[in-house]
Amino acid sequence: DYRTKKIHALGLDSLPALQRLVFRHLIGSDRNPRIGSQKDNEWSECNNEFRTAILSAVGMNPAADIVVATAAGQRGTDATTQKVLVGPDIDGSYSVKVAGLFNFVFQLTADVIGAGRTRRTIITTPGRETLIRVSLPKPLPPEIDIPEGGGGWQKLYDAIQQTFNNGKDK
C-alpha cells in the first residue's frame, strides 16, 4: 500500500495490464470475461474489481499527490451518446467510462521528425473523436510540446498551474 509511503507521484503503466491482472485474479486467465446469464456473467465482477483497483490509486484517499496512468489508444463507443471516440485500449464498457475516474485524460502523440528524434505532444482539447477530460478553471493550451531531453512534466504542471493564476506568472 503506497499510501503509507507518502510518495509524491505514482505511475501506473498500464491500464490494460491492470485490467488483465484483474481478469487473472478473478477468472484465472487473461481472456475476456464471459457474457451470459446473470449467474454466468463474469463482466460485472471484473468491472467492479477493475474500478476498485483504479480508485485505490486515485480515489478519495489517493496513493500519491499525482497518479499518472497510461494506455495505448483504441476506438470505443460511448454507451450513453453512441459516439465513437479514441480512448484507452481497455476491454468492455470501461474503454470510455474509465475517463470519469481521473481528473485529467489527455492524448499523447509521438511523431518521428528525424533520425533519432521524436516530437511528443500532449493534446488537451477534445476533438470530435478524442476522449479528453479536464477539470480546470480555464482551458489549457490546445497542445503542449514536450521538450526533448526532459522537462515535459514541468511544462504540463506549469500549464495546469497557470489556469489557477488568472493569467499571471507564478
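Reader: What's the strand order in the open sheet of three strands, and is the pairing parallel or antiparallel?

Author: In this predicted model, the order is E6-E7-E9, and the pairing is antiparallel.

Reader: Which are the edge strands?

Author: Strand E6 (107-114) and strand E9 (143-146), each of which pairs on one side only. On average, neighbouring strands in this sheet are turned by 25° against each other, ignoring direction.

Reader: OK, and how many bridges join E6 to E7?

Author: Seven, with E7 covering residues 117-123.

Reader: Switching to the inside. Which residues touch the most other members of the largest nonpolar core?

Author: Phe50, Ile54, Val98 and Phe102, out of 15 residues in that core.

Reader: And which elements give two or more residues to it?

Author: Helix H1 (15-27), helix H2 (43-58) and helix H3 (94-97). H1 gives the most, with three residues.

Reader: Back to Phe102: what is it in contact with, leaving aside neighbours within four places in sequence?

Author: Leu15, Ile54, Val58, Ala69 and Arg133. Of those, Ile54 also came up among the residues that touch the most other core members.

Reader: What does the second, separate core include?

Author: That core has seven residues, among them Ile122, Leu136, Leu140 and Leu156.

Notes. Residues numbered from 1 in each chain as written. Predicted model: local features only at pLDDT ≥ 70, side-chain atom pairs only at ≥ 80, totals over all residues. Heavy atoms only, no water. Pairing = 2+ DSSP bridges. Helix = DSSP H or I, 4+ residues; strand = E, 2+ residues; numbered from the N terminus. Axes fitted to C-alpha atoms, helices over the stretch in contact; angles between N-to-C directions. Core = buried A, V, L, I, M, F, W, Y, C linked by side-chain atoms within 4.5 Å. Buried < 20%, exposed > 50% of the residue type's maximum accessible area, 1.4 Å probe, protein only. Contact = heavy atoms within 4.5 Å.
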